[in-house]
Amino acid sequence: MAHLLGAEALHLEYPTKVVFGSVSMGVNEGDRIGIVGRNGDGKSSLLGMLSGRIEPDSGRVTRRGGVRVGVLDQADRLEDALTVERTVVGDAAEHEWAGDAGIRDVIAGLLSDLDWHAPVGMLSGGQRRRVALARLLVGDWDVVMLDEPTNHLDVEAISWLAGHLKRRWATNAGGLLMVTHDRWILDEVCTATWEVHDGTVESFEGGYAAYILQRAERDRQAVATEARRRNLVRKELAWLRRGAPARTSKPKFRIDAANQLIEDVPEIRDRARLQSLAVSRLGKDVVDLLDVSVGYEGRSVLRDVEWRIAPGERTGILGVNGAGKSTLLGLVAGSVTPVSGRVKRGASVRVAVLSQRLDELAEHLDEPVRAVLARLRTNYTVGVGSKAQELTPSQLLERLGFSSAQLSTPVKDLSGGQKRRLQLLLVLLDQPNVLILDEPTNDLDTDMLAAMEDLLDSWPGTLLVVSHDRYFLERVTDQQYAILDGRLRHLPGGVDEYLKLRAASDAAPASPAKTPDQKPSSVLSGAELRAAEKELASVERRIEKLQQQAADARAKLADLDQADYQLLGTEMAKITALDDEASALEERWLDLSALWE
């Protein structure tokens, strides 16, 4: 493959830090390279040097003649006075850009909800970011460099971006460099991974999962590698190989080496033990949403929501922006009141919310971290059973990436990622038994995400997560629900099922409104419709019966011997089977209902 650009002996330093000692690398045609590393280690600086926006102190960057480089950095460089159309396609006439299938795909994937003629100055920060990304992707570049391209994108848009990048580089001889903490898109798109650490850049073959395997091999062989970091990598590898079957088919994996690495690694969560602890802390009642509806200013947001949350449940919530995810979490937390229906809350429930606003830190901004921690509990239990250990708040912060020196740093001087980690610690030390995480991955690098996931693996309570980070959502939750058209729907097929439902919804033609006297239309005969109606009623009764049986079974968990993990596991398996059968019947109910629409 032909060479596009390269770097020779790059050296970069700031007054207080050497960012890169002497690094050399190259980008060839067809390369799709993901760049990972801790926050502050120089990922954005590396892109800056390779793109020519940052001049290295020594060394040089070379380009093949005529190579065009397009860059999406984290700075907002858009002109407020220009319209969205002018910003994205410039002065091109409408028939020119509208006739280009690639440009239409980018606009549909990123900007379908924006006013094409609105000034950029009127857009939100997230909307401006999408406009900047679209402007770059409609261009004709030999090398594309993306710095955190998934920021402000939802699950659907991230899925679209992954598909776009793969399609683009399947027919394009150019190169791609992408800095991101979104591990799913790294695994989905990239053919190589560069890890930036300790002033160097280390290259690995394959996407994120293959990188984790190779890093685990490297750490196993390096005697001086710290045991904590090695164990985190091995634990995450165990999940990648065991918990996500689709990933195991990737040919980049050296299967024998992977099996040898994880042969003594237990499952990432002791579910029976965590369930037992959750029941003992919560009792049999958590939060039940019973036929709940919510609306604002005459607009319906949620309709007829029926959700009985069980002790120890770990659930991810999906939905487009504005679908009602925050409203649903507000119902659980008690900050939102329904307009109809009832919210039933267990007597021992203590809900904590890890919000996007860092509210827990607002009153401590001028205090050093050490002083904030001094007011809290003196210890925190990590792990379950025989592997449980007591950590002080300082030890827990170290586990989350803080150094001893940073304990004396005022909260206001911490980075965004450090504030996020401190916020999580304050929430956990308050000992909630229901934890709500609202976009918890913001500002965190891949290592810190793995550390947060490891911490949550041993947390014995009910966990509800809203996140656009698909990898994190699948990693820390055991089931997913979606808010679709104001209703809560279980997703037995997880995120993939959600994306299919959304694609089908977008592709379905709008049906004309029916008048009150209008009868259901169908190609079925009267007898067939009567049979379908009879089956529909039967399915509804069966679903209600299964849901009640599952609810009764969950209630009985509190009366079981909590030390009998085998019995608890058997009972949980029965509950799961009941839930799965109800979900399958819901699919049939939807098919039958469609005959009457």
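**View 1. The buried residues of helix H12 (325–333) in a predicted model.** Lys325, Thr327, Leu328, Leu329, Gly330, Leu331 and Val332 are the buried ones here, where buried means under 20% relative accessible area with a 1.4 Å probe and protein chains only. That makes seven of the nine residues in H12, so the helix is mostly covered. Helices (H or I, at least four residues) and strands (E, at least two) are DSSP runs, numbered from the N terminus. Just past H12, Gly334 takes a positive phi of about 95°.

**View 2. The S1–S2 hairpin.** Strands S1 (residues 3–14) and S2 (residues 17–28) pair in the antiparallel sense over eight bridges; pairing takes at least two DSSP bridges between the strands. Look for Leu5, which sits opposite Val27 of S2.

**View 3. The largest nonpolar core.** There are 44 residues in this one, and Leu110, Leu111, Leu146 and Leu165 have the most contacts inside it. A nonpolar core is a set of buried Ala, Val, Leu, Ile, Met, Phe, Trp, Tyr and Cys residues joined through side-chain atoms within 4.5 Å. Elements giving two or more residues include H2 (84–89), H4 (101–110) and strand S6 (143–147), but H6 hands over the largest share, with seven. A separate core of 43 residues has Val411, Leu426, Leu444 and Leu449 among its members.

**Notes.** Residues are numbered from 1 along each chain as its sequence is written, and side-chain values use heavy atoms, without hydrogens or water. As this is a predicted model, local features need pLDDT of at least 70 and side-chain atom pairs 80 or more, while totals for chains, interfaces and linings use all residues.

Conventions: Buried means under 20% relative accessible area, exposed over 50%, partly exposed in between (1.4 Å probe, protein chains only).
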